[in-house]
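Here is a short report on charged pairs and model confidence. Look at the structure first, then read on.

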Amino acid sequence: MKWHQRKFTFMVIPDANSSVIRFQVSSAAILAGIVLIAALGAAAVTSYLMYRGNSEQIGTLERKLSASANESDAVIAVKDDRIEELQSQLAGLSDQAKDVQSRMDALGKLESQLKEMAGIGGKDGSSAGNVPSANDEGDYSMDGGGTGGEELPVTEEAMDDLVDETSDFFAVLNEQLRLLKPQLEATQKAVQTHQKALAVTPTIWPTDSRRVTSLFGIRRDPFTHRAKYHAGIDIAADTGEPVYAAADGTVVIAEKDSTHGNYIMLDHGKGIKTRYLHLSLIGTKVGAKVKKGDLIGEVGSTGRSTGPHLHYEVNVNGSNIDPRPYLNADRRENG
């Protein structure tokens, strides 16, 4: 009998008082059972190994996913910080634009003041202060002062408005700069011309003393007590006090006679001359070029004089005029 045709008898004895249970199983069935059990075992082992491998892969993926999420959170946080930083920089740039606008307006006002002071305002009154301005709500300055207020989140719409506003500010500033340069150059030339004219105009006091003892015009002569014409003004001062050139000019007389004593005449051009009489000392010579405020002599009482003083004259186109309207500054203010 072949092996697969054999049968095996199995007896099951539940207990001593129970009947014996017998059953036969063919060798093929037993073999099939063994194979089935082996297959089930192999499947279980395979499933276990696959589960463990998948579990490790899932754990690895979970860790990678967690790390990626953390990296994403970090990147988002960095980007959020960068966005806030850029917003802050934009706000600062907007403040700077307003501050520059304010300073540009101040520069325009200064130019207008310089023109007014120099008496060189244009016929149309044009100046740097007339260029377009984005700062129409009043003065704006970043210098000093307190700040405060509630801190609120910035909306995207508000940031867009700030971008547009700042862009407009810089557009206006560019236009101002374009217009301001030729205007300032014209003002510079005008001021330089005015300064040259001012330099040869006798506007400063010829002495440190301001004590006028005799005015220009008709007066009683100090010697004869008769009415006489006084061609200048007398400024009382101590002997030896300095006498200054009232304007830029050339020394055309530096001599002495019995009436004028030691005296000097300066020619300032454009028909203007000044004379300085009764000096104790002549500190210059004919042909010398002097600048406004230069020391040219010393106060004295030479010639027809009753005491130390400076007789000072201003002559325009051959006629003596009252010097007092010219005396509006001293040599220190003149620079």
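Lys291 and Asp248 join their side chains in a salt bridge, at 3.8 Å from N to O. A salt bridge here is a side-chain nitrogen of Lys or Arg within 4 Å of a carboxyl oxygen of Asp or Glu. Lys291 sits in the loop between β11 (289-290) and β12 (295-299), and Asp248 in the loop between β7 (242-244) and β8 (249-257), so the pair ties together parts 43 residues apart in sequence. Strands (E, at least two residues) are DSSP runs, numbered from the N terminus.

Lys291 is exposed, at 52% relative accessibility. Asp248 is buried, at 16%. The cut-offs are under 20% relative accessible area for buried, over 50% for exposed and partly exposed in between (1.4 Å probe, protein chains only).

This is a predicted model: local features need pLDDT of at least 70, side-chain atom pairs count only at pLDDT 80 or more, and totals for chains, interfaces and linings use all residues. Residues are numbered from 1 along each chain as its sequence is written, and side-chain values use heavy atoms, leaving out hydrogens and water.

## Other salt bridges

The whole structure holds 4 salt bridges. One of them links Glu313 and Arg275, at 2.9 Å from N to O. Glu313 is buried at 5%. Arg275 is buried at 18%.

Asp322 pairs with Arg324, with the closest N and O atoms 3.1 Å apart. Arg324 is partly exposed, at 40%.

## Confidence

The chain's average pLDDT (the predictor's confidence in each residue, from 0 to 100) is 78. Where pLDDT is low, the predicted coordinates should not be read in detail.

Key:
Helices (H or I, at least four residues) and strands (E, at least two) are DSSP runs, numbered from the N terminus.
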